[in-house]
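Let's take a walk through this model together. Have a look at the chain below, then read on.

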Amino acid sequence: MILRILNFVVIGVLILAAAYVYRIKFDSTVQAERLAKIRSEVRRERDAIAALRATWGELENPARIEALAKRHLQLKSIAPIQFDQLNQLPERPPQFVKPDSADPIGDVIENLEEPAAVTGSIWPPASTPPAADATEAETPATNSGETNEVEAPVSKSGRLDR
């Protein structure tokens, strides 16, 4: 009777082992399919990269760029008289930025000069300085019935502040 129970236990263990081996085989098959899918995606992406590199090579071809420039740009050839010697070049422009400046753009803006000529697109800067006292700015000018033109406020750069 013990041998019979032992035989049933051994048969049960063999069935469980077979089920475990089948599960491992199934998982490995799923992983192999996943790996094959990833490899095909990598191959497809490499092919796409190769095609893009070939297209890029065609687009940056100097002969193609030259042909496009001739077709779309109205450029003229360089004449030999356009070249000059280095000692004939003008002096360097003034430096608006101090070398150790923390805010170089702010320094350039602060050092801007008023334009010599005013175009028709902006109003000229106000010739009188703004009123120092708020009460002076609020009091209206009374001129014996004459109408006053209202000037638009102008910023430091000469642009309209609206």
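## Ground rules

When we talk about a contact, we mean heavy atoms within 4.5 Å. With that in hand, residues 24 or more positions apart account for 35% of the contacts in the chain with a separation of 6 or more.

What you're looking at is a predicted model, where local features need pLDDT of at least 70 and side-chain atom pairs count only at pLDDT 80 or more, while totals for chains, interfaces and linings use all residues. Residues are numbered from 1 along each chain as its sequence is written, and side-chain values use heavy atoms, with hydrogens and water left out.

## The overall layout

The chain has four helices and zero strands, so it reads α-α-α-α along the sequence. Those labels come from DSSP runs, numbered from the N terminus: helices are H or I with at least four residues, and strands are E with at least two.

How much of the chain is buried? Of its 162 residues, 2% count as buried. Here buried means under 20% relative accessible area, exposed means over 50%, and partly exposed is in between (1.4 Å probe, protein chains only). The accessible surface of the chain is about 16100 Å², and 61% of that belongs to carbon and sulfur atoms. Such areas come from the Shrake-Rupley method with a 1.4 Å probe, and for residues only the protein chains shown count as cover.

The predictor's confidence in each residue is called pLDDT and runs from 0 to 100. The chain's mean is 77, and 67% of its residues reach 70 or more. Confidence is highest in helix α1 (residues 2–59), at a mean of 96, and lowest in helix α4 (residues 134–138), at 47.

Over residues 133–150, pLDDT stays under 50, and the model has five contacts beyond four places in sequence for them. Where pLDDT is low, the predicted coordinates should not be read in detail.

## Zooming in

L59 lies in helix α1. Its relative accessible area is 40%, so L59 is partly exposed. Leaving aside neighbours within four places in sequence, L59 is in contact with R64 and I65.

Which side chains meet in a salt bridge? K70 and E66 do, at 3.4 Å from N to O. A salt bridge needs a side-chain nitrogen of Lys or Arg within 4 Å of a carboxyl oxygen of Asp or Glu, and the structure holds one. Side chains of opposite charge can pair when their charged atoms come close.

Both K70 and E66 lie in helix α2 (residues 62–72), four residues apart, about one turn of the helix. K70 is exposed, at 63% relative accessible area, whereas E66 is partly exposed, at 44%.
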